[in-house]
Amino acid sequence: MYINAGLIGFPLSHSLSPTLHSYFFNVSGLNGGYCCFEVPNTYEIPNTIDIFKKFSFVGFNVTVPYKTEIIKYCDEIYGDALNVGAVNTVHIKNGSLIGYNTDVFGFSKLLESANISLAGKKVVLLGAGGAAKAVITYLNKNCPNILTIANRTVEKGKKLASFCQFETEVLKGFDSLKGCQYDIIINSTSLGLGSEQFPDLGIKQAEAAVDLQYKTSVTPFLANVDAVTKIDGFPMLVWQGSKAFEIWTGHKIQPDMDLLIKNIF
Ligand code: ATR
């Protein structure tokens, strides 16, 4: 049997997911494929779901900007998707759409693979968007001593803080971080992905800096931060994908990160 899986989002031209899932199909010995459906607006989502159902897709991933929108089409929502309020993986089972969020799992594996623990630490989180919500969901299970949320739009920072089950402070922008000391610095912003520079935050040397962004070369955030250990978000991408693959096919993957980095970039 040929296994079909898909991805919806917009734009998708730079997506690494097809290469990633081809690798998963390969190593698990399954015959299947993963294709991108670039959906330009929300009105096209039902048609795309109909195609997935018609051609017996096992499921699909959901990326920006539809991770929240897709919830209304799901028959059930499970686990972390409920806490994050976003779905990045849909399993099509007997014609029903079951929504999951595997980003929280991806983030936990990212930290685990670098031997970084956030429990009891002084942590600063830059950004308060969708990716930050997955970080908070993880932190609610692995409470830091105190979390500082720094975000350009302070209202969004405050809203995010209301989901935290531990002590938080919220800062407007990044200026007041200068000269501060944190154990762990996490970047969940999209700042630096375009042509803008990532500012020098002036934070004292941290134990670890974790960027949810990834790049072949060092990411703009990691290039500008002082930390003993620096990790980017590539392993998170791989682990969230492997969990989606497992939900669809039942096959658990132990990804070879070095091989993937060599093949993907
Ligand atoms: P994602 O789903 O990837 O988290 P998002 O929800 O759009 O994407 O969130 C992007 C985050 O990056 C937000 O915290 C955003 O700050 P605002 O809440 O003020 O919009 C932050 N961000 C994006 N561009 C930025 C910039 N140029 N300077 C500072 N923060 C920026």
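This is a short tour of a predicted model, one selection at a time. Residues count from 1 along each chain as its sequence is written, and side-chain values use heavy atoms, with hydrogens and water left out. Local features need pLDDT of at least 70 and side-chain atom pairs count only at pLDDT 80 or more, while totals for chains, interfaces and linings use all residues.

**Stop 1: helix α1**

Start by selecting residues 17-28, which make up helix α1. Helices here are DSSP runs of H or I with at least four residues, strands are E runs of at least two, and both are numbered from the N terminus. How far apart are the end C-alpha atoms of α1? They are 16 Å apart, which agrees with the 16 Å that 12 residues should span at 1.5 Å a residue; the expected span is 1.5 Å times one less than the number of residues.

Now show side chains. Ser-17, Leu-20, His-21, Tyr-23, Phe-24, Phe-25 and Ser-28 are the buried ones in α1. Buried means under 20% relative accessible area, exposed means over 50%, and partly exposed is in between, using a 1.4 Å probe and protein chains only. Those buried residues pack against β1 (3-9), β2 (32-38), β3 (59-62), α8 (234-249) and α9 (257-264). Step just past the helix and you land on Gly-29, with a positive phi of about 75°.

**Stop 2: aromatic rings**

Rings of Phe, Tyr and Trp (its six-membered ring) pair if their centres lie within 6.5 Å; planes under 30 degrees apart are stacked, over 60 edge-to-face, and the rest tilted. By that rule there are 13 aromatic pairs.

One of them is Phe-52 with Phe-60, a stacked pair at 4.6 Å centre to centre and 25° between the planes. Phe-52 is buried at 0% relative accessible area, and Phe-60 is buried at 0% too. Next, pick Phe-105 and Trp-239, which sit edge-to-face at 6.3 Å centre to centre, with 80° between the planes. This pair links distant parts of the chain, with Phe-105 in helix α4 and Trp-239 in helix α8, 134 residues apart. Phe-105 is partly exposed at 25%, whereas Trp-239 is buried at 9%.

**Stop 3: the cores**

A nonpolar core is a set of buried Ala, Val, Leu, Ile, Met, Phe, Trp, Tyr and Cys residues joined through side-chain atoms within 4.5 Å. In soluble globular proteins, nonpolar side chains tend to be buried together. Which members of the largest core touch the most other members? Select Phe-107, Leu-118, Leu-147, Ile-186 and Val-210, out of 30 residues. Elements that give two or more residues to this core include α4 (103-113), β8 (146-151) and β11 (206-211). The biggest contributor is α5, with 6 residues.

Zoom in on Val-210. Leaving out residues up to four places away in sequence, its contacts (heavy atoms within 4.5 Å) include Phe-107, Ile-116, Ile-186, Phe-221 and Ile-231. There is also a second, separate core of 23 residues, with Leu-16, Val-238, Trp-239 and Ile-253 among them.

**Stop 4: Thr-48**

Jump to helix α2 (residues 45-54), where you'll find Thr-48. Thr-48 is buried at 7% relative accessible area. Beyond residues up to four places away in sequence, Thr-48 touches Ile-8, Phe-37 and Val-39.

**Stop 5: salt bridges**

A salt bridge is a side-chain nitrogen of Lys or Arg within 4 Å of a carboxyl oxygen of Asp or Glu, and the structure holds 7. Pick Asp-103 and Lys-67, which meet at 3.0 Å, N to O. Asp-103 is in helix α4 and Lys-67 in the loop between β3 and β4 (76-77), 36 residues apart. Is Asp-103 buried or exposed? At 12% relative accessibility, Asp-103 counts as buried, while Lys-67 is partly exposed at 24%.

Then try Lys-252 and Glu-246, bridged at 3.8 Å, N to O. Lys-252 is exposed at 64%, and Glu-246 is partly exposed at 22%.

**Last stop: cysteines**

With a disulfide taken as a pair of cysteine sulfur atoms within 2.5 Å, the count comes to 0. Cys-36 has its nearest cysteine sulfur, that of Cys-35, 7.3 Å away. For Cys-180, the closest cysteine sulfur is in Cys-164, 18 Å off and too far for a bond. Cys-180 counts as partly exposed at 23% relative accessibility.
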